Protein chains: 2
Amino acid sequence: MNTRVCVADIKDGLESHDQERLQRALEGVHPADAARIIGTFPPDQIAAFVGIVGVHAAREAFQFLPFETQEKVLEILSPDILGHLVTLLSPDDRADLFEKLDPDFRERLLSLLIRRERQEIMQLLTYPDDSAGAYMTTDYASLSKDLSIPDALDQLRIQAPTRETIYYAYVVDGARHLIGFVSLQDLILAPRHSRVEKIMHREVISVNVKDDIEEVAKLMSHYDFLAVPVVDEERRLVGIITHDDILDVVQEEATEDMYRLASLDTNERIDSPIPKSVRLRLPWLLLNLGTSLIAASAVSFFSQTIEQVVALASMMTVVATLGGNSGNQALTIVVRSMALEEGSLRNKTAIVLKSLGVGLVNGLICGLAVALLSYAWFGNGWLSALVCLAMTLNLASSGLFGALVPITLRKLKLDPALGSSVLLTTITDTGGFLILLGLATLFVRQLMA
Amino acid sequence: MNTRVCVADIKDGLESHDQERLQRALEGVHPADAARIIGTFPPDQIAAFVGIVGVHAAREAFQFLPFETQEKVLEILSPDILGHLVTLLSPDDRADLFEKLDPDFRERLLSLLIRRERQEIMQLLTYPDDSAGAYMTTDYASLSKDLSIPDALDQLRIQAPTRETIYYAYVVDGARHLIGFVSLQDLILAPRHSRVEKIMHREVISVNVKDDIEEVAKLMSHYDFLAVPVVDEERRLVGIITHDDILDVVQEEATEDMYRLASLDTNERIDSPIPKSVRLRLPWLLLNLGTSLIAASAVSFFSQTIEQVVALASMMTVVATLGGNSGNQALTIVVRSMALEEGSLRNKTAIVLKSLGVGLVNGLICGLAVALLSYAWFGNGWLSALVCLAMTLNLASSGLFGALVPITLRKLKLDPALGSSVLLTTITDTGGFLILLGLATLFVRQLMA
């Protein structure tokens, strides 16, 4: 990271409206770093910055600002600067921005753009949130197959400034059908007298504009691609998705799964204000309250047994806690492997049976351990035997349902992580209480002997 | 994906030892796909495959095979093929492979390599597992600053076949100090009469060979780089890390955090055999058994109160379950933001206070809800009041410790996700039982009135 950039320099340049000084301060600074610095200024200063250094110079840093800051700055820019800046944003970033904007403001902004750009944005906005279309950029390099190698290189020289990458160039026919691709490396290595058609790869791996972005990420991670072309139903090239977008997707998807396993809303951030966090977490807690009352009624149903053998109140919590823990292990491994696997998990029955087996064996071992410890504690052989049996059964059930719940959710086309931990806790808590207290009620005379 | 590849064709070619047929079947097939197909064959058939198509043709697909398969195949290859194949692997993949091999076999393999390669591998093996050095490749493109543009392009043409990428070329001085870089795009766009020195970027963002790979991943994701150069303490260029390695790192790190939050060992896979899964999960379950006995003793301590007011046995499970859920929410959001944040989280006090605040407010709301429901159920006003108070305090504590535990672990240079969920469950379970049953013991006369 460039430590020589002086924030004070930029501030001074801003306050004195000194364009040259600002440009000098930002020279050689990566736009991502420039964004981090100017992102700490208030929106009106950022707007002033855009005005002073000019839209062209400010564009790249602007694209690296967080959305909330972008929106605030856009709202105070003058219409001509606003229109110009938005025109210069890359199509995918622009569509992302538009999607999140307040509808009234979006309309105002759209009216500032020329017709072709307006149509392009409207088109990109029609793709569902998690589709390849929503992530692609339309700024790709393309070549026609008849070009000679020097002409192709000249073409790419012309296209370079406005394209996301020229390291892959796509070959299309007159109707924009994707028929091949060449990398810049191919072009550099090819004999000068050759033609694009002769050196292009015809077996192009592409994705459909409607494909789930998660599947696209798996594909790109499988092939180690720099970029992948996006085509429509007629195999016409409509855009490309690049490696940096996929890195973001992979991070987002992992966050989503983690949040869902922990009953968190994916819109929460570490710095969300308290009222927002409360509002986003509360529905899950209330749902959990509802399901925990099911477990509580199981306990209540056996209150007479607990009154007679009060040690059960201690041991039932141990059986339920370990069931929860073991179920969470099984659930997490299945959910994560679903996210990482290419395509769907193959042998689902084997996974469920294996998960059941692991739960059963661990249940038996933990059951024996808890039986010994509880015998040392309460000196009640029957209690120890029942706790051992309950632990074994509850952990077997946790293994079974830990795999079955996400696999079933996925089969129903639902997110395997969404709500599965609440459902599983209900099963392991209620199950644990029912098994231990039910057994205890059956053998209450022996327990009290 | 190429659906035209016929697995049967490859199998036939293998069985008839028909080199030409095998080569035809694999024509245009991406090595990642070839690996997926031959990966389903038994190791001796894969070894036969390497022998028939030749080491050069087999190398790329071999690099895409999972480690377990690679190891089995290597063990049955003849020494000359073995040495040749290992020589052709890219240095970072080779070092990865060597690190995981059985030590005896590793020695045998090393003895097959020439001295320079042996030294290179030994050097790469000295870097810690999660350092930039362990992930980098030494196959980078480099240029000297005095080259003219056409000469630089010629240099890259020569280097291309053996380099991981030529899209970024690094400029080094006589002592291999990194002094700049040029992208292939820069070279293509530069005037022919210019020189590397004139167009190179001098502000090179690089990482140290000892840097944590997680920090490198954050850097690359921040700048959207294709590759980042790795330097030693004297700023000598020693390797590069490319975008596809970083994608793997990001996936691995996310898996690690998810597994640790669920008390899973990071070596477990969905298809690990039952004995291995049992062995990896059991220590965590036994630890959890130990801590759950702490919570159970809290219950046991108040057994007299439970005997007197048996409804407490039901309500204590509700208070503990919600505490666990709320604590897990707080913990997950802090752990994930630590993984995604660039650098360390800034205002830790604010995060802890906010987490406490969210827990407190949600505790109050859930407390009031459970008070109403429990009043409808048991008709005991004092019980409802105590449950409400216990819920509020336990959820406030879950918010406090949900943030405090990972922040403290991180401060102690430990993984913030490792063991934190077991610790937190112990706090919320034991805390929930102690608060509710402690209050109930104080007010037992009012409860029984």
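Q: How many residues of chain B are in contact with chain A in this predicted model?

A: In general, the size of an interface is often given as the accessible area lost when the parts come together. Here the contact is described by residues: 86 residues of chain B are in contact with 88 residues of chain A.

Q: Which helix gives the most to the side of chain B that touches chain A?

A: That is helix α19 (residues 311-340) of chain B, with 17 residues. Sorted by class, the side of chain B that touches chain A holds 49 nonpolar, 27 polar and 10 charged residues.

Q: Which strands pair with β5(B), and in what sense?

A: Strand β4 (residues 207-208) of chain B pairs with β5(B) in the parallel sense over two bridges. Strand β6 (residues 237-242) of chain B runs antiparallel to β5(B) and is joined to it by five bridges. B:Val231 takes part in both pairings: it is the bridge partner of B:Asn208, and its bridge partner in β6(B) is B:Leu237.

Q: What is found in the hairpin of β5(B) and β6(B)?

A: Five residues lie between the two strands, and B:Arg235 takes a positive phi near 60°. In chain A, β5(A) and β6(A) also form a hairpin with five residues between them, where A:Arg235 in the turn has a positive phi of about 60°. Strand β5 (residues 227-231) of chain A pairs with β6(A) in the antiparallel sense over five bridges; A:Ala227, for instance, has A:Thr242 as its bridge partner. Strand β6 (residues 237-242) of chain A is mostly covered, with six of its six residues buried.

Q: Why does B:Ala47 count as buried?

A: The test is a count of neighbours, and 20 or more other C-beta atoms within 10 Å make a residue buried. B:Ala47 counts as buried because it has 21 C-beta neighbours inside 10 Å. This residue is found in helix α4 (residues 43-53) of chain B. Leaving aside residues up to four places away in sequence, B:Ala47 touches B:Val73, B:Ile76 and B:Leu77.

Q: Which domains does the assignment give for chain A?

A: It gives domain 1 (7-126), domain 2 (140-258) and domain 3 (274-448). The centres of domain 2 and domain 3 of chain A are separated by 49 Å, taken over C-alpha atoms. Four residues of domain 2 of chain A are in contact with four residues of domain 3 of chain A. On that side of domain 2, α15 (213-223) and α16 (243-261) of chain A each supply at least two residues.

Q: What scores does the model carry?

A: The model scores ipTM 0.81 and pTM 0.81. Chain A averages a pLDDT of 88, and 98% of the residues score at least 70.

Notes:
Residues numbered from 1 in each chain as written. Chains lettered and ligands numbered in written order. Predicted model: local features only at pLDDT ≥ 70, side-chain atom pairs only at ≥ 80, totals over all residues. Domains from an automatic or database assignment. Contact = placed C-beta atoms within 7 Å. Helix = DSSP H or I, 4+ residues; strand = E, 2+ residues; numbered from the N terminus. Buried ≥ 20, exposed ≤ 12 C-beta atoms within 10 Å, placed from the backbone. Pairing = 2+ DSSP bridges. Nonpolar A, V, L, I, M, F, W, Y, C, P; charged D, E, K, R; others polar. pLDDT = per-residue confidence, 0-100.
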